[in-house]
Amino acid sequence: DDSGGSQGGPSYYISFKLDGETVFLASEPEAEIYEGTMYLDAEHSPYDEEYISIWLEGTTTGEYPYSDYGCNFIYCADADLCYHAESGSVTVTKIGAVGDTVEGAFNMTTLADPMEGTPARSITDGQFVLPRILSE
């Protein structure tokens, strides 16, 4: 077995619980550091609009508390239903070189949007293991 580990399933992903329901996104996972900002992204599949994007103002390991400009987040369940962070944090535990991984954890509460009819949602047990790509 030359898969590099004994874990089953994809080796790169972002997963979390949305109000207790597990969401697992492992298509097009990537971590990129560009001009002082870290971008963490993954999709559900190439065939739908479900994705998550997290961006952090910084390039080091540690905790990034939510703020409009320092640590932000969007999760779209589909093209018409997106959730934006209102509070929470992301903790980056590993930043490997390009070709290695960026890893960490997160918890967020999303912003209620009365205009769109979306309630605040709880995002817990967030984890990410993403391949670090070369910035272009």
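Analyst: Read along the sequence, the protein follows the pattern β-β-β-β-β-β-β-β-β-β, which amounts to zero helices and 10 strands, where helices (H or I, at least four residues) and strands (E, at least two) are DSSP runs numbered from the N terminus. The radius of gyration is 15 Å, close to the 14 Å that the globule rule gives for 136 residues, so the protein is as compact as a globular protein of that length; this radius is taken over C-alpha atoms, and the rule is 2.2 Å times the number of residues to the power 0.38.

Some care is needed in reading these values, since this is a predicted model in which local features need pLDDT of at least 70 and side-chain atom pairs count only at pLDDT 80 or more, while totals for chains, interfaces and linings use all residues. Residues are numbered from 1 along each chain as its sequence is written, and side-chain values use heavy atoms, with hydrogens and water left out.

Turning to the salt bridges, the term stands for a side-chain nitrogen of Lys or Arg within 4 Å of a carboxyl oxygen of Asp or Glu, and by this rule the count comes to four. One of them links K17 with D125, whose closest N and O atoms are 3.7 Å apart. Because K17 lies in strand β1 (residues 13–18) and D125 in strand β10 (residues 122–131), this pair ties together parts that are 108 residues apart in sequence. K17 counts as partly exposed at 31% relative accessibility, and D125 is also partly exposed, at 47%; here buried means under 20% relative accessible area, exposed over 50%, and partly exposed in between (1.4 Å probe, protein chains only).

Another salt bridge joins the side chains of D19 and R121, at 2.4 Å from N to O. D19 sits in the loop between β1 and β2 (21–25) and R121 in the loop between β9 (101–110) and β10, so this pair ties together parts that are 102 residues apart in sequence. While D19 is partly exposed at 42% relative accessibility, R121 counts as buried at 19%.

The side chains of D100 and K94 also meet in a salt bridge, with 3.3 Å from N to O. Salt bridges that share partners join K94, D100 and E103 into one network.
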